[in-house]
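Try each task before you turn to the solution under it.

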Amino acid sequence: MRDIAVTQAPVHLRQGSSIGQPLTRRDGILKVTGAARYAADNNPEGMLHAVMAVSSIARGRVVALDVMAAKAHPGVVEVMTPGNRPALAADPDKKTNPFTFRLDLLQDDRVRYANQPIAVVIGETLEAAAEGARLLAPRYEAQAPRMSLDAEESFVPKAVGVGNPPDVRKGDVEAGLMGAARRVEATYDTPAQFHNAMEPHAIVASWDGDRLLIDTPSQGLAMAQMRAAELLGIPAENIHIRSPFLGGGFGSKGLLAGPQMLGILAAKLVDRPVKLVLRREHMYGPVGHRAATRQTLRLGADDAGALQAISHHARTYSSTFDDFFEPAADIAHTLYASPAIATTYDAVRLDTGTPLFMRAPGEATGSIALESAIDEMAWACGMDPLEFRLKNYAEAEPISGKPFSSKALRECYAQGAERFGWKSRPLAPRQMQDEAGLLVGWGVGTATFPALMFQGHARAVLRQDGGGLVETGAHDMGQGAWTALAQIAADGLGLPLERVEFRAGDSRLPDAGIAGGSAHTATAGIAIHAAGADVIAKLAALATGDEHSPLFGAGNAGVIARAGRLHRRDDESRSEGFGEILGRAGLSEIEGRGSSASDPSAQEAHAMHAHGAVFAEVRMDPELGQVRVARLVGAFAAGTIVNPRMVRSQYYGGMIWGMSFALHEHAEMDRRTGRIMNSNLADYHVPVNADVASIEAILVEEHDPYVNALGIKGVGEIGITGSAGAIANAVWHATGKRVRHFPITPDKLL
C-alpha cells in the first residue's frame, strides 16, 4: 500500500482547537508543485494505452468494425469488441440496488446513445491506440433517435431521484388557486448539462492473477470496489483502489462508470497494465449528466401577499434502458410556507446516456424555476422580492410540518441584503443604468440543500512518541477534505494538527462512505470524531486505573484531552502526557475505531437543511443583449464551520456554477442524429475568471444540536441553488423581460 504523506508547517490554533480555523490546504504544495498523484499520473511497468471507439449514432446497432485494419496499425496490440471481451460474472444490465445503474460494457452490438463505447483499442502508445480506434470505421444500422421532451408517450415514473415519490401533496391546491387574489402560472425550461471536471474519468488497471490494482478517481471507494467485484466475480478484498486526489467529481465519479470497467477488462484481455483516459468529448454520454426539464409552476397568493397554493410539475427524461429522473419539483417541499403544496412529475424516454447525479441534482434545476416564479408572484403582488420571501418564510418545513433542526435563513437574508445594499433597489424593472449606458438589475434567490449524512468508519491511533494517526477511506475532489477532516482528527485526538498523520483515498482504509450529497465532511468527520473519542477513552482507562498516574481514580470526575495530555476535569493541574501513559503500560500505541450514521429518531423529529440567500447584480448591453454578472453576494448558514477558508471556496464554486446555469451552460442536441454538437470546452460554455467580476460569501453563524454530534451541514451544493435564480431575477429587473428558457442568452433578450 502506498501512503500519501501530507505535511503542513506548524500553525497557531486558537484556544487549542483546529475546528473553525481557516487553515490553508494541507495538500496545496503537492498540487501546485505537481507532486499530487492523480489516477492518470500512474505508469506501471509494461503499461499499454486504451482508447474507446464510440458510436456516432444514437439508436441502432453496429453491423461492422474493421478490426483487421486497426490491428494492422503499428503499435496496436489488441482490439476489444463484444466478440472477445472477457466474460463477466454478472449482467451489466441487471440492477441489484437503487445505486446500481446499467453499464455499456460491449455486451452486444446495440447502440443506445451517441458516444456509447462500441470497442476499445489497446496500443503501445496513446497515439497508436487513437489511430486504431479511427481505423475501425464502424458501419451502423441506424434508427431515428428519440430526442425531444415533447414526445407524446409520457408516463409517471415510479420514483424520482433515488426513491422519492413522484406525487406529493398537502392541502387542496386547486381550491387554493381558485380562491387566490393573485395567481401566476409559468413554464420554465432547463437544458441538459454535462460534466466537465478538469480531470476526466481515467483508470490504470493491473491484474495479478485474480487480484486487481486500480488507480481511478472515485467519490465512493467501497461502492466502486463492490460493483467491480460483482461484475468480475472476485472477492471485493481482492480489489485495491487508490484514489488520493480527484480533479473534480460533482457526482460524476460517485459510481463506477462503464469506461472505467472497460479499462479493467482491457487489462484482463491483454494481461498487462492498461491506462484508459476519456477524451473530453467522451464525457458527453457514458458518465452521466443533468437531464433537461420542463417545469410548470402555479402559485396563488391572497391580497396581503401570503401564498395560498404552490403547484410544481416537472417533466424530465431518462434513457431508454435505465431509470434516473431529475427530482426538480421537490424543492417546493422545503422553502416557502403555504397551506397547499403539490409536486408532480411525468417523464419520457430518450436515446441518451442515463442522466445521473450532477451538483445539487433536483435542487439546482428546481430552484431556478421556483425562484423565478416566486419573483413573478412578488411582482404580481406589488411587493419587493425580498419582502415577499420574508412574508412567506417557513418556520417549519412546509410539506411535513416538522420543525427545522436549525434555520438561520432570516439572518442570511438580513446580512446578505445589508452587504449588497438591497434597500436601494427600485421595485420596477429597467430603472437603473451605469455610466456606460448598460442596464443594471438586482435579483435575489433563496438557497437550500438537505443536511445529509451516510455511514462511515475511521481508525485512530495514539503513539508513544506523542503523535497520532487517523485513517479513513475519504475522498478529496478539491473540496479540502484532506484539510478539514485532519482538523476534526486533531480535535478528536486532543493533539496539535502538525502531530497528526492523516491517511485517506485508499480502499484498504476504513470505508468513509460516499462523497456526495454534501455529506462527506459530516459522514467521515463524525466517524473520525468517534474514533478519536474511542482511543481517548481507552487511554483514559489506562491512566485512571494506574495508581502511578496523577490521574489515578479520576474515573468519576472524568478527563479531557488537550495538546497531547490528559487533564482531570475537576483539577486541570493534574495531567499526564499520552506518551507517558502508554510507556508505563508497555504499549507503543493504542487504537480506537469509530463509525457514523444518521440518527433516525432525529430525522423523524426534525427537517434538516442548510439555508442561504444570494444577491446578484447584472449589467446588460441593450444593443447586443450581452449580460455580465457584476456582483454576487451570498450569505449561508450551514451549522458548524470546520474550515472557513475551505467553506468559502465551496460557496464560490457553487455560486459560479449558478452563473453558468443561468447564462452559459447547455448541450446542443442534433435531433436528427442524437449527437451532441458542442461536446468540447470551446463550444460548451462555462464561466472563466473574466466572467467573475466580484463574488463574496458570508458565513452566518448557526448552531444545530440535532443534525449530528458536531453540528456539521454540507456546503458543496447549496451555493448553486440560490445563485441561478438570483441572476435570472436580476436579468428581469434590468430588462423587464422574463426569460423562462435557460440559459439566458442574447437572442432571448433582443
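**Exercise 1. Helices H14 and H15**

Task: Determine at what angle helix H14 and helix H15 pack, and how far apart their axes are.

Solution: Step one is to locate the elements in this predicted model: H14 covers residues 644–664 and H15 covers residues 718–735, and the two pack at an angle of about 40 degrees with their axes 7 Å apart. Step two is to classify the angle: since angles under 35 degrees count as roughly parallel and those from 65 to 115 as roughly perpendicular, H14 is oblique to H15. Step three gives the hand of the crossing, which is right-handed for H14 and H15. Step four lists the contact, in which residues of H14 including Tyr 651, Trp 657 and Phe 661 meet residues of H15 including Ile 718, Ile 727 and Val 731. By class, the contact of H14 with H15 holds 12 nonpolar and 4 polar residues, with no charged ones.

**Exercise 2. A further partner of H15**

Task: Work out how the axes of helix H7 and H15 cross, and state how the residues of the contact of H7 with H15 divide by class.

Solution: Begin with the geometry: the axis of H7 (residues 363–380) comes within 8 Å of that of H15, and the two cross at roughly 40 degrees. That makes H7 oblique to H15, and the crossing of this pair is right-handed. Next, identify the residues: on H7 the contact is made by Glu 363, Ala 364, Ser 367, Ile 368, Glu 371, Ser 372, Asp 375 and Trp 379, and on H15 by Ile 720, Thr 721, Ala 724, Gly 725, Ala 728, Asn 729 and Trp 732. Finally, sorting the residues of the contact of H7 with H15 gives 7 nonpolar, 5 polar and 3 charged.

**Exercise 3. Helices H5 and H6**

Task: Find which residues in H5 meet which residues in H6.

Solution: Helix H5 (residues 221–232) packs with helix H6 (residues 258–270) at an angle of about 50 degrees, their axes lying 12 Å apart. H5 is therefore oblique to H6, and the crossing of H5 and H6 is right-handed. The residues that meet are Ala 228, Leu 231 and Leu 232 in H5 and Met 261, Ile 264 and Leu 265 in H6; by class, the contact of H5 with H6 divides into 6 nonpolar, no polar and no charged residues.

**Exercise 4. The two open sheets**

Solution: Strand E2 (residues 60–64) is joined to E6 by 4 bridges, and Gly 60 stands opposite Ala 142 in E6.

**Exercise 5. Backbone and confidence**

Task: Say where Ala 137 is found, which residues a cis peptide bond joins, and over which residues pLDDT stays under 50.

Solution: Most residues other than glycine have a negative phi, and most peptide bonds are trans. Ala 137, in the loop between helix H3 (126–135) and E6, has a positive phi near 40 degrees. A cis peptide bond joins Phe 742 and Pro 743, with omega about 0 degrees, and Pro 743 lies in the segment after H15.

As for confidence, the protein averages a pLDDT of 95, and 98% of the residues score at least 70. Over residues 1–15, however, pLDDT stays under 50, although the model has 37 contacts beyond four places in sequence for them. Where pLDDT is low, the predicted coordinates should not be read in detail.

Terms used: Residues numbered from 1 in each chain as written. Predicted model: local features only at pLDDT ≥ 70, side-chain atom pairs only at ≥ 80, totals over all residues. Heavy atoms only, no water. Pairing = 2+ DSSP bridges. Axes fitted to C-alpha atoms, helices over the stretch in contact; angles between N-to-C directions. Parallel < 35°, antiparallel > 145°, perpendicular 65-115°, else oblique. Left-handed = near helix turned anticlockwise from the far one by under 90°. Contact = heavy atoms within 4.5 Å. Nonpolar A, V, L, I, M, F, W, Y, C, P; charged D, E, K, R; others polar. pLDDT = per-residue confidence, 0-100.
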